[in-house]
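Me: Hi! Could you walk me through a few strands and helices in this one?
Reply: Happy to, here it is.

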2 protein chains.
Amino acid sequence: MPTYTAPVDDMQFVLHDLLQIDQYSNISGFDEATPDVTLAILKEGAKLSQELLQPLNQSGDREGCHWNDGVVATPKGFKEAYRTYIANGWGGLTGNPDYGGQGLPYVLGLAMAEMAGSANLSFSLYPGLTHGVVEGIAVHGTEEQQRRYLPKMISGEWSGTMNLTEPHCGTDLGLLRTKAEPQADGSYRITGTKIFISAGEHDLTENIIHLVLARIPGGPPGVKGISLFIVPKVLVTADGRLGERNTVFCGSIEDKMGIHGNATCVLNYDAAVGYLIGEQHQGLKAMFSLMNPARLMVGVQGLSMAEIAYQNAVIYARERLQGRSLSGPKAPDQPADPIIVHPDIRRMLMTARAFIEGARALAYWAGVQVDLAAKHPDESLRQEAKDLLALLTPIIKAYFTDKGFELTNLALQCYGGHGYIREWGMEQFVRDARIAQIYEGTNGIQALDLVGRKLPAHGGRAVQLLFSVIGQYCQEHHDNADLESFIKPLERAFEHLQRATSWLRQHAVRTPEQGAAGSMDYLHLMGLVVLGYQWAQMARIAQEKLAGGTGNQAFWKNKLITARFFMERILPDTAAHLTRIQAGAATLMALDAEAF
Amino acid sequence: MPTYTAPVDDMQFVLHDLLQIDQYSNISGFDEATPDVTLAILKEGAKLSQELLQPLNQSGDREGCHWNDGVVATPKGFKEAYRTYIANGWGGLTGNPDYGGQGLPYVLGLAMAEMAGSANLSFSLYPGLTHGVVEGIAVHGTEEQQRRYLPKMISGEWSGTMNLTEPHCGTDLGLLRTKAEPQADGSYRITGTKIFISAGEHDLTENIIHLVLARIPGGPPGVKGISLFIVPKVLVTADGRLGERNTVFCGSIEDKMGIHGNATCVLNYDAAVGYLIGEQHQGLKAMFSLMNPARLMVGVQGLSMAEIAYQNAVIYARERLQGRSLSGPKAPDQPADPIIVHPDIRRMLMTARAFIEGARALAYWAGVQVDLAAKHPDESLRQEAKDLLALLTPIIKAYFTDKGFELTNLALQCYGGHGYIREWGMEQFVRDARIAQIYEGTNGIQALDLVGRKLPAHGGRAVQLLFSVIGQYCQEHHDNADLESFIKPLERAFEHLQRATSWLRQHAVRTPEQGAAGSMDYLHLMGLVVLGYQWAQMARIAQEKLAGGTGNQAFWKNKLITARFFMERILPDTAAHLTRIQAGAATLMALDAEAF
């Protein structure tokens, strides 16, 4: 049976040594997030994840969810765990204090999401989706809508879902058919079928608040005629009590590769009562504004899955005795050495470790931008945070989840044949991690979003900002001989990224296919560089701490070794990405569709 | 439901245009393998795979195998399909005519294995493993043993298994504990537990011939005291009839990530009657000689899985309407264009295609070496074939299965959310493909075999041969302007391989950890270069055929485009592999085992 130990030390390092969130103590939320407080919260979150959520992960996979005439039951133990989760206030950790939330920084919620995702991805989706819907209602809903729905959603008594996909329409929402007929009382009647709705129906909460994209008849065709609606499973009276059951029902749940503990639902809307949120025909814009935080969360799932799989690969690699070290026996009193002595096992473990720690730094950096974008007193800094966040979101979503899948697989590989056997739990991590490359917009869509929208937006303002941040860091430390083995590789990789960006600027504006052809490579190239930037900073801090002799010296030493590994073995992939981008679209598009 | 269309045209191209197997018509087996004959055989194999095996693939995954008190039932339809398979003579296609085989070239068996693997990997393992055991008995068994076992195994009436792994001992066979007590009549009594035995027990054949590694008491410790035994499930009388049931029983079958249609068994040997095969204490060497063909077959499974997943991704990409082409609508009469118009979908399909066709060429080239090694009249050419085969085997096993897994995943990704849903069948390909990276020696072990054994063997004779073949090809076509865009990238990649080889020669001999640290990168680097060599040849042939105006012009045009894609987008990865190899072992081994 797999186990999980939340990486609280590393989380504290990122929050306080790397990001130095204490510098934002003039911003509400951060004022309370002192090292002592974050440590206490992370430790409580660790306890919950380790002791309550993780033990339900494998049984949840085995049992799956149960559908019976429209009613969905979650696996044994999920209901009780969810009750504890909300009773302990995790639902409202970062929520608006006006509606009962604790108002702590978003980045702490991200850390909690990382832990919950590692411990039990399927479970974590139930409260995770609610956060997105809360955000959507908070930004686009009327005050009356906020008062009616937010308190019970922030407390976790009600959950939320996002409804975009229909059988014939996923990425291309212009094809959407679900209809919303206006009623005399200002409400709408929603009719249509939505599919792939995560947590669309379940037994954890007494109500579920669906956000649904639909068309108001007579509106413009395509994506310009889509509006967003609140459709509660159970209607809510003006004074906030539960009223009639609405006519939205779960037609079936999907039989999937993984995340069996989460109900992926077909939802049938049969003239269900819905309430417009935001402006008519502006639904897509509203939905995107809440998809972006959701995409950041999905990116973190890649990190979560890599972490749990890595931890269990390490445990096995220390215990499994097989063969002898090439540099002489390491456990001469045993019949063989533990396989962690073998370089190729190390390669797999170090590859995972170098991603995980770099990704945590990058994700939490992005997490801080969420708060700065919303709350920083300086408007220009709010704008910078927004720009950075917009740019980093597709990278974190797609790069992290690609890596998350790759690394759960490397962790499985460390187990040899046992990795393929269900009882060891490693193959579940692979199956669960796989979904994150798909949902909230496939990774290919993230790459198009990056190259087609985020890069050119506002004349390239966001990418210029990012480049100036990285460029300045390189310049500042260029002559530091101690940092040479970190700054030089970063500079080389950064140069590849700049050349790729110039190439796209020259070619993709005129011929969008040239940009799309290299979009996935560009996303991975940028992912490598921003991770490299995190590692260069972490290496500098580790060196300073080692020189100063302060703190946990082993921690700093290991951080430095892992930074070196990243520079030597991971970052050099940038060159091949550049080559592929520069190859352009010609050969890619040359084959006739019939010739495949 | 997925479908399968065997790539018979491409197989014929590889056999006759690329490999020109007609040149070996002075060698038995090849004399019969004219284009007409191979086409007829491939078409029959295609029919069987498409119409009989493939329709049982998804149902076999759903149902799995059934264990009941030591008796194992295969999924519905497998028994009938197997009966047809052997009735049509597929078991004996390449078998020794002295024992009832048809004596056709090994490479034709490989092509049939590719088709069966694409259609139904789980099913294909039952006859597939038998081939390995037949080979083992043919090479190491006495004439009496051959007469007793081979006819019924070649006909497929009996099947075979290989028994190496024990609960505490996988890669490190020196730890093996199963005992073989000598008996007065010259036989042995085998006692112990073997795990992960593919097709270890089933209802397809009336007998199963197990090849079992065990220790004769008093022998040397470690791998030098291991012997190989024939242990029939049902004892066979001197005149070849079935006698008493032997005391080997299936204790359980594993619940696995995939290949549910194949029974992976725990086999308990309880003083079972066994017969020594080959010399006492020479069992490991014998087992390896039959593992090498098995590894080639497993490599082909990577190709098989990539092919079937690719085919179904293409079908979906042509049918699924979503979004518009960036260069203007391609299906203006439809609500959206088929997603095959999108560059990132193309990237995934072309990446798969470029691997598949290159891999088929490489695998069949290796397959021809099997026959040349055994039957070529010129001893020095037999030796060359053996050397090439020994070198290529770990590459084909590991590189192909790593790619097979990666590409089934890319194919799944083309389906978006539907790829994650079981009914579409794509996720089964991913789960099934995953095993091939593990069994018959994990891919990490293949890399060590390549760097630690195959490279230095006989003073590097094999690698020198390979390099002279590729070097000569490059030289010969260096000044051919028409081929420049194929030869130049190959030369650059080949140079990376040569530099990596020199680096290993300088560092790994003294410090084996330096070799092991780069072994997986070296294997992939060599995989890329040998695939690039195949593509450069195929590009040349395609150009000649296009210039000559002969044959199917569309086929040659598409071949050339795919070759170009390989050179532009796949081969450039060699540089990063070289960088990682040259990074050496220092950072990789720097972390204390406790620090992970």
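Me: Let's start with β11(B). What stands opposite V273(B) there?
Reply: That would be R189(B), which faces V273(B) in β11(B). Keep in mind that this is a predicted model.

Me: How many bridges join β5(B) to β11(B)?
Reply: Nine, linking strand β5 (residues 188-198) of chain B with strand β11 (residues 264-277) of chain B. The two strands run antiparallel.

Me: And β7(B), how does that run against β11(B)?
Reply: Antiparallel, with three bridges between β7 (residues 226-232) of chain B and β11(B). One pair to look for is L228(B) with its bridge partner I277(B) in β11(B).

Me: What about β10(B), how many bridges to β11(B)?
Reply: Five bridges join β10 (residues 248-253) of chain B to β11(B), and these strands run antiparallel. I253(B) has C265(B) in β11(B) as its bridge partner.

Me: Switching to helices: at what angle do α9(B) and α17(B) cross?
Reply: At roughly 105°, and their axes come within 9 Å. Angles of 65 to 115 degrees count as roughly perpendicular, so α9(B) is roughly perpendicular to α17(B).

Me: Which residues of α9(B) meet α17(B)?
Reply: On the α9(B) side they are R347(B), M350(B), T351(B), R353(B), A354(B) and E357(B). Their counterparts in α17(B) include N558(B), K559(B), F565(B) and F566(B).

Me: How many of the residues in that α9(B) and α17(B) contact are nonpolar, polar or charged?
Reply: The contact of α9(B) with α17(B) has six nonpolar, three polar and four charged residues.

Terms used
Residues numbered from 1 in each chain as written. Chains lettered and ligands numbered in written order. Predicted model: local features only at pLDDT ≥ 70, side-chain atom pairs only at ≥ 80, totals over all residues. Heavy atoms only, no water. Pairing = 2+ DSSP bridges. Helix = DSSP H or I, 4+ residues; strand = E, 2+ residues; numbered from the N terminus. Axes fitted to C-alpha atoms, helices over the stretch in contact; angles between N-to-C directions. Parallel < 35°, antiparallel > 145°, perpendicular 65-115°, else oblique. Contact = heavy atoms within 4.5 Å. Nonpolar A, V, L, I, M, F, W, Y, C, P; charged D, E, K, R; others polar.
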